[in-house]
Amino acid sequence: MCMLRAIFSHPSGRIGGTIVLIYVVVALLGLFDLTPHYPLQQYRIDRLHAPSVVYWMGTDLFGRDVASRLMKGVGQSFLVGVSAVALATIAGTILGLTAAWFGKLWDGLVMRIMDVLLAFPAILLALLIIAIAGPGTWTSVAAIAIVYTPIFTRVVRGPALSIKSREFVDAARTFGSSKSYILTRHLLLNLVAPLTVQVTLALAWSLLTEAGLSFLGLGTQPPASSLGLMLADSRNLMETAPWLLIFPAVAIMISILGFNLLGDALRDILDPKTRSRTA
Amino acid sequence: MTPLLSVKDLRVGFGRDPAKNEIVKGVSFDLAAGETMAIVGESGSGKSVTALSINRLVDFGGGKIIGGSIKLTRADGNVLDITQAKEPVLEKIRGSEIGMIFQEPMTSLNPVLSIGTQIEESFRLHRGLTGKQATAAAKDALDRVRIPDAARRLKYAPNQLSGGMLQRVMIATALACNPRLLIADEPTTALDVTVQAQIMALLGELKRETGMAMIFITHDIGLVAGIADQIMVMQAGQAVEQGTLGEVLDQPQHPYTQHLLSAVPHFESGRAARTDFSRKAKETPALDVDGLVVRFKVKGSMFSRAQGSVHAVENVGFDLMPGETLAIVGESGSGKSTTARAILGLVKPTRGRFATHMGSITDATDPATQMVFQNPYASLNPRLRIDSILAEPVIAAGGRVTNETRDKMKALLKRVGLPEDSLERYPHQFSGGQRQRLCIARALMLNPSVVVLDEAVSALDVSVQAKVLELLVDLQKEYGLAYLFVSHDMAVVERIAHRIAVLYAGQIVEIGDAASVLSNPQHSYTKRLISAVPSIDRRNQHFEIDTRQVPSLVRPPGFEPPEAQWREFGPDHRARAEA
């Protein structure tokens, strides 16, 4: 609760937090099909209908309600983004922690592989993985997770190395504390702050990557809806039905802005150096 | 005659509302040319802020002068109020009229520039010298601070010089333009005692040679006896006592000054050594260390073999009886911490044997030996509550946290003088001294027989130090603990040790009962170490300048040192014979 209050008393946290909250609600409504219309229902008579009271964001070429499809799409992106980031966090944390703790050969091996992965632009690497595994929702989850794992590995390894040499870890060793106890209670617990910030920022990037993959037709497959897919479909109708393009584009923009603002706020709040100034 | 510097009712505040957050609350003093004033106080007393206000460096740390005046008589005879001066004027004054040296010589110099370049900078800025002239001036400056072989040393990078040498370079830089006032902010705190003595001697000589005035900031009232003319004692932003050296040291008026002079450990050449323990003939030692050797391999490149090894600890052996304190003293790099860490299993010994009365120690999990670390801010995990911190040794020893454990935690916290509700709090809610008490409580959770204290009071303020030492002595009597007390501070060692082992370059050079070693040192290194300890009894004492360096500990592979020859100087006092 203390954390929530801190976020909402931080200027960019207030905006980012609100956006993310709305985003999550919309995503959940979309995922559980609590939309104004059934997203796949085709209202043939109302094809390319401009935004109105019935169709809040208009309809597309097949007469499907854009607002409902957008909610469904937000839900889909959220599902992909969250699962991918969760996987990346778990994998990255384990790799980073063990690399820092065991050092030597294992550290070298892990970090060099991470360097190689980081050398490729995110979207290009994701494309490569999907090209090998074939398009689909769960391959894009895997692809995004692999792309973002190196970032988490680095974020964890750096501070873990410095915490490892702190005196309280030495103290724990003199008691004879087990490796797993030291790794979880002393190292991981002190990494919660940087990890929280990184998770929020990674969510923003992974939403963008997911939209990009779907736009290229490699992520979510039609007829299921996704923001990237909606953008791709609307390209040819940009002049006749601009709402088809505007609403999903704005949705992507606002959600990424929201996660970034929230991430910045969390960084300020959790960083002991800036904490005194904002509190 | 107008004084060189006249400070009247100086007030300095910090933060958004400096008036509310006042750190220096109305300090006044006069300083004549050629005079030295010492500002003595503990951390947070405002002594550094006062000094930094004099050259207005305090502005860069977020401070603001909110009242009073600082009048400096400049070289041309004009009087300038520094509180009103504009930044361009201040830039001219800093370096040319007011020089400054800081606490940490290792971080005050830019690591990527040669020291010559950094000294020349001052000549270039204030005297307009360039090229060869600047280099020559820099060489003269290094000669002046008695750095041997100055011409060659100009090309050195800071990492090639020791801490004492770097502090000399800092002094050379500060004195480059013959400032009329030198501000020294704890210039020797980061240095070893023998190096400290050298730097103090150098400052004294330079003062006599150049006739400059000096403001010397320190927390160690013993240190100023040799150099100051005036003393100002500060507490919580106020000057509680001001006067000449003799007045303040001999007839302190303010209770805080009296407290500083009495409660704070001062070195008394063995007279204050403890006498509450004597060895019985037939007793099993609580800890027996025999032939401890720790070597670290110096790595060669990928394809060549090891180049040799650092002989950090060489054939160290001693025993420690229950209820006894053995102090291991020595300077940085002497191997004293490595010895402690090897006993706790934090460093793998190359050879050697330890035994407690429970038997041979095979690994670190022996609950009979526990350790208290130097830095109380780093040795407690900031994210764990105190009850989890105290429970850790119990869990590590395979036990479970029961109501009994909680009762024991409460009893121990009470014993070390912490409030009962401490269990539900986090480390950041405690002060440095309280945290060190927590560390002591944690070390006692498993009823150890030996506690290794690695510089356990070095990071604490002097008056807190005294209280923690008292607690340690009480606990020792109550539980019959054996202490292995590692420290560089002879004054502290004198208060707690029954026996002392002097470590030099990885080897014990002298060992014996505390009173005997401190009052009658036999090995040349012990003598040097003891003569360097600052003391209020040694007023205006002249130190010989000694630039001897610790020998390199890197030895070729397979090197074994010759067997040590010992000479006895009493029933329990022996020193290594010197060549």
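How are helix 6 of chain A and helix 8 of chain A oriented to each other, roughly parallel or roughly antiparallel? The first view below takes up this point.

This is a predicted model, in which local features need pLDDT of at least 70, side-chain atom pairs count only at pLDDT 80 or more, and totals for chains, interfaces and linings use all residues. Residues are numbered from 1 along each chain as its sequence is written, while chains are lettered from A and ligands numbered from 1 in the order in which they are written.

**View 1. Helix 6 and helix 8 of chain A.**
Helices (H or I, at least four residues) and strands (E, at least two) are DSSP runs, numbered from the N terminus. The axes of helix 6 (residues 137-164) of chain A and helix 8 of chain A come within 9 Å and cross at roughly 155°. Axes are lines fitted to C-alpha atoms, for helices over the stretch in contact, and angles run from 0 to 180 degrees between N-to-C directions. Helix 6 of chain A and helix 8 of chain A are therefore roughly antiparallel to each other; angles under 35 degrees count as roughly parallel, over 145 as roughly antiparallel, 65 to 115 as roughly perpendicular and the rest as oblique. The crossing of helix 6 of chain A with helix 8 of chain A is right-handed (a crossing is left-handed if the near helix is turned anticlockwise from the far one by less than a right angle, and right-handed if clockwise). The contact between helix 6 and helix 8 of chain A has 17 nonpolar, 6 polar and 2 charged residues. Ala, Val, Leu, Ile, Met, Phe, Trp, Tyr, Cys and Pro count as nonpolar, Asp, Glu, Lys and Arg as charged, and the others, Gly among them, as polar.

Chain A has 11 helices and 0 strands. Its C-alpha atoms fill a box of roughly 75 × 45 × 30 Å, taken along the principal axes. Of the 279 residues of chain A, 45% count as buried (20 or more other C-beta atoms lie within 10 Å of the residue's own; exposed means 12 or fewer, partly exposed in between, with C-beta atoms placed from the backbone). The contact with chain B takes 16 residues from chain A and 19 residues from chain B, where two residues are in contact if their C-beta atoms, placed from the backbone, lie within 7 Å. On the side of chain A that touches chain B, helix 7 (167-175) and helix 8 (179-215) of chain A are the elements that give two or more residues. Helix 7 of chain A gives the most, with 8 residues. By class, this side of chain A has 6 nonpolar, 5 polar and 5 charged residues.

**View 2. The sheet of 8 strands in chain B.**
This open sheet has the strand order 16-17-18-13-19-20-23-22, with mixed pairing; two strands pair if DSSP finds at least two bridges between them. Strand 16 (369-372) and strand 22 (566-568) of chain B stand at the edges, each with a single partner strand, so one side of each has no neighbour in the sheet. The twist averages 20° from one strand to the next. Strand 19 (residues 499-504) and strand 20 (residues 507-513) of chain B run antiparallel and are joined by 6 bridges. Opposite Val502(B) stands Glu510(B) in strand 20 of chain B. Helix 19 (residues 524-532) of chain B lies across strand 19 and strand 20 of chain B, at about 105° to strand 19 of chain B.

**View 3. Strand 13 of chain B.**
In strand 13 (residues 325-329) of chain B, 5 of its 5 residues are buried. Thr325(B), Ala327(B) and Val329(B) point one way from the strand, and Leu326(B) and Ile328(B) the other way. Strand 13 of chain B pairs in the parallel sense with strand 18 (residues 482-487) of chain B over 5 bridges, and Val329(B) stands opposite Ser487(B). Strand 13 of chain B also runs parallel to strand 19 of chain B, joined to strand 19 by 4 bridges. The bridge partner of Ile328(B) in strand 19 of chain B is Ala501(B).

**View 4. Leu412(B) and its surroundings.**
Leu412(B) lies in helix 14 (residues 403-415) of chain B. Leu412(B) is buried, with 20 other C-beta atoms within 10 Å. Leaving out residues up to four places away in sequence, Leu412(B) touches Ala441(B), Leu444(B) and Met445(B).
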